[in-house]
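Look at the model below, and keep the sequence at hand while reading.

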Amino acid sequence: MTRAQLEHVNYSTPDPIKTAQLLVDLFDWKIRWQGTAMETGFSVHVGNEAQYIALYCPAEPLTALRDPHGVKGGLNHIGICVSDIDETEAKVKMMGFTPYSHGDYEPGRRFYFTDGDGTEFEIVSYDAD
């Protein structure tokens, strides 16, 4: 059987540089690449050596998607696994975002927050307390 792992996710955001900086500050990631992308848009790849998020902004203004849960192919949220969920939640609050939907059940603890552009993130930790 072929072994596979997720390498990247690509989603559209109105300000890839701002979103990338949020992810760098929150998760201690690095910007792997940035530059001109498809159809004269702009992309920033942010993550670690093995995985990343590609943040894309087309040359034309983006239209808002009201509720991705009811859209075929909609991005519901991005899940990020962290080693210290309490520290990450404190950073999220310090950055002005509001954590919600906290859960503490097998196999781990989690909460969600929505960034300034409406993208929902799930923060999860599988470390035992």
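A residue is called buried here when its relative accessible area is under 20%, exposed when it is over 50%, and partly exposed in between. The model is predicted. Glutamate 89, with a relative accessible area of 13%, is therefore buried. Its salt-bridge partner is lysine 93, and the closest N and O atoms of the two are 3.9 Å apart. Both residues belong to helix 2, where a spacing of 4 residues puts them about one turn of the helix apart.

Lysine 91 forms a salt bridge with aspartate 28, with 3.9 Å between the closest N and O atoms. How do the two partners fare in accessibility? Lysine 91 has 19% relative accessibility and so counts as buried, whereas aspartate 28, at 61%, is exposed.

Aspartate 117 and lysine 18 form another salt bridge, in which the closest N and O atoms are 3.7 Å apart. Aspartate 117 is in the loop between strand 7 (108-114) and strand 8 (120-125), while lysine 18 is in helix 1 (residues 16-27), so the pair connects parts that are 99 residues apart in sequence. Aspartate 117 is partly exposed, with a relative accessible area of 30%. Lysine 18 is also partly exposed, with 44%. Over the whole structure, the search finds 6 salt bridges.

Next come the two helices themselves. The axes of helix 1 and helix 2 come within 9 Å and cross at roughly 140 degrees. Angles over 145 degrees would count as roughly antiparallel, and the two helices are therefore classed as oblique to each other. Their crossing is right-handed. On the helix 1 side the contact is made by Asp25, Leu26 and Phe27, and on the helix 2 side by Thr88, Lys91 and Val92. Lys91 of this contact is also the lysine that forms the salt bridge with aspartate 28.

Strand 2 and strand 3 (residues 41-47) pair in the antiparallel sense over 7 bridges. Within this pairing, threonine 36 has phenylalanine 42 in strand 3 as its bridge partner.

The last stop is strand 8. Strand 7 and strand 8 form a hairpin with 5 residues between them, and glycine 118 in the turn has a positive phi of about 95 degrees. The two strands pair in the antiparallel sense over 6 bridges. One of the facing pairs is arginine 110 with valine 124 of strand 8.

Strand 8 also pairs with strand 5 (residues 78-81), in the parallel sense and over 4 bridges. Here glycine 79 stands opposite glutamate 122, and isoleucine 80 stands opposite isoleucine 123.

Which faces of these strands are covered? In a regular strand the side chains alternate between the two faces of the sheet. In strand 5, Ile78 and Ile80 make up a covered face, while Gly79 and Cys81 make up an uncovered one. In strand 8 both faces are covered: Glu120, Glu122 and Val124 are buried on one side, and Phe121, Ile123 and Ser125 are buried on the other. With 6 of its 6 residues buried, strand 8 is therefore largely enclosed by the rest of the structure.

Terms used:
Residues numbered from 1 in each chain as written. Predicted model: local features only at pLDDT ≥ 70, side-chain atom pairs only at ≥ 80, totals over all residues. Heavy atoms only, no water. Salt bridge = Lys/Arg side-chain N within 4 Å of Asp/Glu carboxyl O. Buried < 20%, exposed > 50% of the residue type's maximum accessible area, 1.4 Å probe, protein only. Pairing = 2+ DSSP bridges. Axes fitted to C-alpha atoms, helices over the stretch in contact; angles between N-to-C directions. Parallel < 35°, antiparallel > 145°, perpendicular 65-115°, else oblique. Left-handed = near helix turned anticlockwise from the far one by under 90°. Contact = heavy atoms within 4.5 Å.
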